[in-house]
Amino acid sequence: MEYISILIKPASSRCPMKCRYCFYFDESFIRQVSDYGIMSPSTRKNLIKKVFARFTGPARINFMFQGGEPTMAGLPWFREFVSLVNKFRRDHHQISYGIQT
């Protein structure tokens, strides 16, 4: 069985908390574009489609979300993500999710 863990950043530089320990807050100031916004529906769908096109046989697929602050994308964003995963997955795919805030 194949395995992949995909690290996804659904919200770019959106967190307003400015925690002292956050590496990403400082990082956003040195980039040419400090905030790319929330991942678009088309990018989200393309990402999911490409994962399942690659893993046509048995696979363990782990979608991990991190930031900035991934929860800034909002609950509807994550519900749609899971809905799309369920649309494209097959019975031989084992899916898991993780989030780092």
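Modeller: Along the sequence, the protein chain runs β-β-α-β-α-β-α-β. That pattern holds three helices and five strands. Both kinds of element are DSSP runs, numbered from the N terminus: helices are H or I with at least four residues, strands are E with at least two.

A word on the ground rules. This is a predicted model, where local features need pLDDT of at least 70 and side-chain atom pairs need pLDDT 80 or more, while totals for chains, interfaces and linings use all residues. Residues are numbered from 1 along each chain as its sequence is written, and side-chain values use heavy atoms, with hydrogens and water left out.

Now the helix pair. Helix 2 covers residues 41-54 and helix 3 covers residues 75-88. Their axes lie 10 Å apart, at an angle of about 30°. Axes here are lines fitted to C-alpha atoms, for helices over the stretch in contact, and angles run from 0 to 180 degrees between N-to-C directions.

Which residues meet? From helix 2 come R44, K45, L47, I48, K49 and F52. Helix 3 answers with W77, E80, F81, L84, V85, K87 and F88. By class, this contact has eight nonpolar, no polar and five charged residues. Nonpolar means Ala, Val, Leu, Ile, Met, Phe, Trp, Tyr, Cys and Pro; charged means Asp, Glu, Lys and Arg; the others, Gly among them, are polar.

Next, the core. The largest nonpolar core has 20 residues. Such a core is a set of buried Ala, Val, Leu, Ile, Met, Phe, Trp, Tyr and Cys residues joined through side-chain atoms within 4.5 Å. Buried means under 20% relative accessible area, exposed over 50%, partly exposed in between (1.4 Å probe, protein chains only). F52, I61, F63 and F81 have the most contacts inside this core. Strand 1 (2-8), helix 2, strand 4 (59-65) and helix 3 each supply at least two of its residues. Helix 3 gives the most, with six.

Last, look at I8 in strand 1. I8 is buried, at a relative accessible area of 2%. Beyond its neighbours within four places in sequence, I8 is in contact (heavy atoms within 4.5 Å) with M39, L47, F63, M64, F65, Q66 and F81. I8 and F65 are 57 residues apart in sequence, yet 4.8 Å apart in space, C-alpha to C-alpha.
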